[in-house]
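Hi,

Here is the structure I promised to pass on to you. Have a look at it first, and my notes follow below.

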Amino acid sequence: MIGTLKRLWANHPRLLLAFLLASTLSLFFAGRLIVSAAYWAGHRQEAVQPWMTVGYVGRSWGVDPRQIDAVAGLPAPDGHPLTLEDIARQRGVPVAEVVAQVEAAIAALRQGSAP
Amino acid sequence: MTDWPLALVPSYGLGLIAATTFLSCLALPIPASVIMLAAGGFSAAGDLDLAQVVLAALAGAVAGDQLGYALGRWGGARLVDRMAQSAKRGAVIAKAQAVMQARGGVAVFLTRWLFSPLGPYVNLIAGAARQGWLGFTLWAAAGEAVWCGLYVGIGRGFAGNLSAASDLLGSVLGLVASLAAVGLLGWALVVLARQDRVRP
């Protein structure tokens with residue numbers, strides 16, 4: 001075994017190095033996969049962002065989007081979906097305000113549905 | 001991760017998705033994978049239609065591949081012909097073209113999704129090496145179907161958690177690619193070690 005490795009190292013050093021590099025990369029990606037899988041298992045919900053639609057937020061937080069509309073006082077979608085940014089622009093308010101309303105609505109709805 | 005292109009996904013929808021995959025096939029720095037993941041998420045939220053999203057992404061990607069191939073064929077092939085006029089280089093180029101024609105299909109397929117950063121360059125090379133158009137188109141379309149289906153599907157499955165989807169998918173594809181390299185290189189080393197033993 002050692003003899004074979006020595007011979008390979010003498011005859012094909014670059015191939016052997018490439019093999020070691022690929023093995024190291026495999027270990028790295030396997031490790032990263034395990035770490036991120038463990039992390040995301042505990043962090044299902046995604047923070048509310050301006051690019052999201054109410055539907056997307058509802059999906060992420062397990063809340064009915066139309067209830068979020070009702071509680072946060074947002075317009076129901078008509079025709080094509082609106083992002084929170086679109087809604088803020090239509091109302092002429094900063095997008096942070098709409099984000100805060102949606103966050104408050106989620107908190108209220110989740111508290112209401114909790115046993 | 002920049003957020004502005006994501007806000008455009010529900011507003012501009014299918015046209016934006018097709019444009020994104022089209023441009024990314026021409027090696028432009030467009031975050032096509034993130035856009036497709038987000039589009040999958042929006043489809044789960046009911047903002048976009050899943051089948052339409054996949055078809056739009058696929059149409060853009062296939063069209064982008066065709067343009068890359070055509071550029072290689074009309075621009076690159078002429079350049080290759082001129083280089084092939086020297087006898088020594090001509091033999092090497094003829095060999096490269098033969099390999100591309102015989103086995104280029106798998107390379108085209110895998111560089112759509114597993115080694116996707118190489119895809120745009122493989123398009124040019126395939127055109128310049130005069131890989132058959134039908135074979136190129138079929139392998140490329142099959143690869144793009146995997147690419148679009150994978151990203152939109154994962155985006156839908158992880159709906160509402162874009163960072164998790166992109167994080168996990170990056171690790172999985174990296175792992176598959178590096179394991180494939182380990183397998184190929186390991187096999188080559190075993191074969192070479194055996195040869196060395198036969199004639200030391």
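**What I found**

In chain B, 40% of the 200 residues count as buried, meaning that 20 or more other C-beta atoms lie within 10 Å of the residue's own, with exposed standing for 12 or fewer, partly exposed for anything in between, and C-beta atoms placed from the backbone. Please keep in mind that this is a predicted model, in which local features need pLDDT of at least 70 and side-chain atom pairs count only at pLDDT 80 or more, while totals for chains, interfaces and linings use all residues. Residues are numbered from 1 along each chain as its sequence is written, and chains are lettered from A and ligands numbered from 1 in the order in which they are written.

Chain B first. Seven helices and zero strands make up its list of elements; helices are DSSP runs of H or I with at least four residues, strands are runs of E with at least two, and both are numbered from the N terminus. The C-alpha atoms of chain B fill a box of roughly 65 × 45 × 25 Å along the principal axes. Of the contacts in chain B between residues at least 6 apart in sequence, 80% join residues at least 24 apart, a contact being two residues whose C-beta atoms, placed from the backbone, lie within 7 Å.

One helix pair is worth a look. Helix α3 (residues 50-83) of chain B packs against helix α6 (residues 133-157) of chain B at an angle of about 145 degrees, and their axes are 9 Å apart. The axes are lines fitted to C-alpha atoms, for helices over the stretch in contact, and angles run from 0 to 180 degrees between N-to-C directions. Residues of α3(B) in this contact include L50(B), V54(B), L58(B) and Y69(B), and among those they meet in α6(B) are F136(B), W147(B), C148(B) and R156(B). By class, this contact between α3(B) and α6(B) holds 15 nonpolar, one polar and three charged residues. Here Ala, Val, Leu, Ile, Met, Phe, Trp, Tyr, Cys and Pro count as nonpolar, Asp, Glu, Lys and Arg as charged, and the others, Gly among them, as polar.

Helix α5 (residues 119-128) of chain B is mostly covered, with eight of its 10 residues buried. Those buried residues, including P120(B), V122(B) and I125(B), pack against α3, α4 (87-113) and α6 of chain B. After α5(B) comes R130(B), with a positive phi near 55 degrees.

And the loop between α3 and α4 of chain B? Q85(B) is found there, and it counts as exposed because it has 9 C-beta neighbours inside 10 Å.

Now the contact between the chains. Chain A gives 35 residues to it and chain B gives 34 residues. On the side of chain A that touches chain B, α2(A) gives the most, with 15 residues. By class, that side of chain A has 16 nonpolar, 12 polar and seven charged residues.

Finally, α5(A): its buried residues are L84(A), E85(A) and I87(A). Seen down the axis of α5(A), they fall within an arc of 160 degrees, so they line one face of the helix; the arc is that of the directions from the helix axis to the C-beta atoms. Just after α5(A), G92(A) takes a positive phi of about 70 degrees.

Best wishes
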